[in-house]
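The sequence and structure come first, and the points follow by topic.

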Amino acid sequence: MTSRAVIDTPLGTAILEGDEKGLISLSLSEENPGEINPEILRHAVVQLREYFEGTRKEFDLPLNPQGTDFQKRVWELLLEIPFGSTCSYMDLAKQYGDPKAIRAIASANGKNPLWILVPCHRVIGSDGSLTGYAGGLWRKKWLLDHENPSTQQSLF
């Protein structure tokens, strides 16, 4: 049986879904029915809150995303991108072992059902630009800034 947790985040209302095998999805919603935190998802809620508070850099949760074998392999590659780092779609395609698979890699990245937990936001364009992000580019920028805050202070 799938359980659902709802929590407020700086990026909007997050909805976690999972079962005894692990987390199936983490998505954003415009609706906020109020926080719901079933026991089976308690650790996920705690770790997500710690991430947004800036005290967690890695997640230690069982994951059970639903997808094709190819998608799951790409999502595993995303898990290897360190906190505060980025890589390009081409880097991922090379890591996968097939530079020609760049479009398929990008498509699998876009279908990642566990944003933040499987850090698809850490994938950028080869030229360093912020490229498509299902949650919106402003969220991608927020996440990257959150993980790698600028140490330079503004003069204004």
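Seven bridges join strand 1 to strand 2 (residues 12–19), and the two run antiparallel. The model is predicted, so local features need pLDDT of at least 70 and side-chain atom pairs count only at pLDDT 80 or more, while totals for chains, interfaces and linings use all residues. Residues are numbered from 1 along each chain as its sequence is written, and side-chain values use heavy atoms, with hydrogens and water left out. Helices (H or I, at least four residues) and strands (E, at least two) are DSSP runs, numbered from the N terminus. Two strands pair if DSSP finds at least two bridges between them.

**Strand 1 with strand 2**

- A hairpin is formed by strand 1 and strand 2, with two residues between them.
- Valine 6 lies opposite isoleucine 15 in strand 2.
- Threonine 9 has glycine 12 of strand 2 as its bridge partner.

**Strand 2 with strand 3**

- Strand 2 and strand 3 run antiparallel and are joined by seven bridges.
- These two strands also form a hairpin, again with two residues between them.
- Threonine 13 has serine 29 of strand 3 as its bridge partner.

- Three strands make up an open sheet in the order 1-2-3, with antiparallel pairing.
- Strand 1 (3–9) and strand 3 (22–29) are at the edges with a single partner strand each, so one side of each has no neighbour in the sheet.
- From one strand to the next, the twist averages 20 degrees.
- Helix 1 (residues 42–53) packs on the sheet and touches strand 1, strand 2 and strand 3, where contact means heavy atoms within 4.5 Å.
- The direction of helix 1 makes about 20 degrees with that of strand 1; angles run from 0 to 180 degrees between N-to-C directions, and axes are lines fitted to C-alpha atoms, for helices over the stretch in contact.
- Strand 2 is largely enclosed by the rest of the structure, because six of its eight residues are buried (under 20% relative accessible area, 1.4 Å probe, protein chains only).

**Helix 2 with helix 4**

- The axes of helix 2 (residues 69–78) and helix 4 (residues 102–110) come within 9 Å and cross at roughly 80 degrees.
- Helix 2 and helix 4 are therefore roughly perpendicular to each other (65 to 115 degrees).
- Phe70, Gln71, Val74, Trp75 and Leu78 of helix 2 meet Ala104, Ile105, Ala108 and Asn109 of helix 4.
- By class, this contact has seven nonpolar, two polar and no charged residues; Ala, Val, Leu, Ile, Met, Phe, Trp, Tyr, Cys and Pro count as nonpolar, Asp, Glu, Lys and Arg as charged, and the others, Gly among them, as polar.

Conventions. Parallel < 35°, antiparallel > 145°, perpendicular 65-115°, else oblique. Buried < 20%, exposed > 50% of the residue type's maximum accessible area, 1.4 Å probe, protein only.
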